[in-house]
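Please keep the sequence and the model at hand while reading.

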Amino acid sequence: MAGKVVLLLWAQTLGLAGAQTTQLLVEPPWTPPVLWDWVTLTCQGSGTAGATTWYKDGQRWWQKGPDRVRVSESGTYQCDRPSTGLSPPVRVSNAWLVLQVPARALLEGDTVTLRCRGWQNKTVTSVSFYRDEKQLQLFRDGTELSLSPLRLQDSGRYRCRGSVYYVVSQWKESAPVTVTVHVAAGVAGSLLFLVLLVGVIVGWHRWHRLASRKHQERAPQEPPAPLEEGEVLYTHVTMTKRTQGPTCTAPPQDTQVTYAELPGPHGRPRAPSDIYGNVLGH
């Protein structure tokens with residue numbers, strides 16, 4: 001049973017890993033996308049073409065719409081496909097200052113560039129980058145922060161602050177963006193496979209041992225072998241105590257033996273000569 005349970009869990013884990021979900025792809029591929037980049041959203045998922053339902057800011061925006069739309073307003077967008085459900089939300093920004101991260105899985109060891117952008121590509125100066133409220137770097141003219149190579153500890157919430165020039169310079173701060181660094185797929189896949197393999201082996205051994213034990217308990221016991229002619233069946237042996245006193249003066253008493261005698265050879269009546277001699281010695 002344990003082995004079957006482990007195998008079932010393994011199958012379920014692999015099935016969940018390979019299950020399809022609805023995804024909302026962004027072009028250009030930056031998070032968050034900005035309105036002045038002429039953003040295009042593409043809904044990917046199972047179902048009939050043209051059966052996509054679009055949502056904006058939590059409200060139904062377009063029912064039975066196309067799989068691909070051009071965004072003309074800022075807000076939070078989602079799409080729904082009949083077979084794979086609702087996609088994760090994508091927020092299209094139109095803020096004065098925006099910190100952007102590549103819209104892809106960020107793997108350990110990669111090189112990633114974060115960029116701080118002003119509204120409608122206005123000039124931004126004196127840019128500072130922060131991770132979890134800790135200042136990382138201050139640029140006089142630069143607007144990009146490079147993380148290379150990416151490490152797991154680089155995960156966190158990032159934001160930027162800078163002076164945006166529009167008629168006059170104004171200090172602005174971006175909304176925070178979450179950066180999550182993942183273990184490389186090859187390493188994660190190998191670890192998952194090893195864990196599942198060890199679980200299957202341990203579960204199979206436990207199940208096999210339990211099955212063997214149950215089989216032994218259910219198996220009928222073999223009857224005792226029949227006695228042969230001339231054998232004596234002892235029912236019990238009684239040892240008598242020796243009398244007190246020095247060993248050299250107290251004679252040992254005979255051991256008392258209770259036994260059953262079988263018929264003589266060939267089933268003939270027992271003869272005095274068939275009585276066996278002293279069975280247990282002193």
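In which strand is lysine 56 found? Lysine 56 belongs to strand E4, which covers residues 52-56, and the description here and below rests on a predicted model.

**Lysine 56 and its surroundings**
- With a relative accessible area of 16%, lysine 56 falls under the 20% cut-off and therefore counts as buried.
- The side chain of lysine 56 makes a polar contact of 3.1 Å with the side chain of aspartate 57, and a polar atom of that lysine side chain also lies 3.5 Å from the backbone oxygen of serine 74.
- When neighbours within four places in sequence are left aside, the residues in contact with lysine 56 are Trp61, Glu73, Ser74, Thr76 and Tyr77.

**Aromatic pairs and a cluster**
- Seven aromatic pairs are found in a search of the whole structure.
- In one of them, the ring centres of tryptophan 54 and tryptophan 61 are 6.5 Å apart and the ring planes stand at 85°, so this pair is edge-to-face.
- Tryptophan 54 is buried at 0% relative accessibility, whereas tryptophan 61 is partly exposed, with a relative accessible area of 35%.
- Phenylalanine 129 and phenylalanine 139 also form an edge-to-face pair, with 5.8 Å from centre to centre and 85° between the planes.
- Because phenylalanine 129 lies in strand E13 (residues 124-131) and phenylalanine 139 in strand E14 (residues 134-139), the pair ties together parts that are ten residues apart in sequence.
- Trp54, Trp61, Trp62 and Tyr77 make up one aromatic cluster.

**Charged groups over rings**
- Arginine 115 is placed over the face of tryptophan 30, at 3.7 Å from the ring centre.
- The ring of tyrosine 130 has the charged end of arginine 159 over it, 4.3 Å from the ring centre.

**Nonpolar cores**
- The largest nonpolar core contains 20 residues, and those with the most contacts inside it are Leu99, Leu114, Phe129, Cys160 and Val179.
- Two or more residues of this core come from each of strands E10 (97-102), E12 (112-118), E13, E15 (144-147), E16 (156-166) and E18 (177-179).
- Phenylalanine 129, one of these core residues, is buried at 0% relative accessibility.
- Another core, of 13 residues, lies apart from the largest one and has Leu24, Leu35, Cys43 and Trp54 among its members.

How values were computed:
Residues numbered from 1 in each chain as written. Predicted model: local features only at pLDDT ≥ 70, side-chain atom pairs only at ≥ 80, totals over all residues. Heavy atoms only, no water. Phe/Tyr/Trp six-rings, centres within 6.5 Å; stacked < 30°, edge-to-face > 60°. Buried < 20%, exposed > 50% of the residue type's maximum accessible area, 1.4 Å probe, protein only. Helix = DSSP H or I, 4+ residues; strand = E, 2+ residues; numbered from the N terminus. Lys NZ or Arg CZ within 6 Å of the ring centre and 35° of its normal. Core = buried A, V, L, I, M, F, W, Y, C linked by side-chain atoms within 4.5 Å. Polar contact = N/O pair within 3.5 Å; in protein donor to acceptor, adjacent residues only side chain to side chain. Contact = heavy atoms within 4.5 Å.
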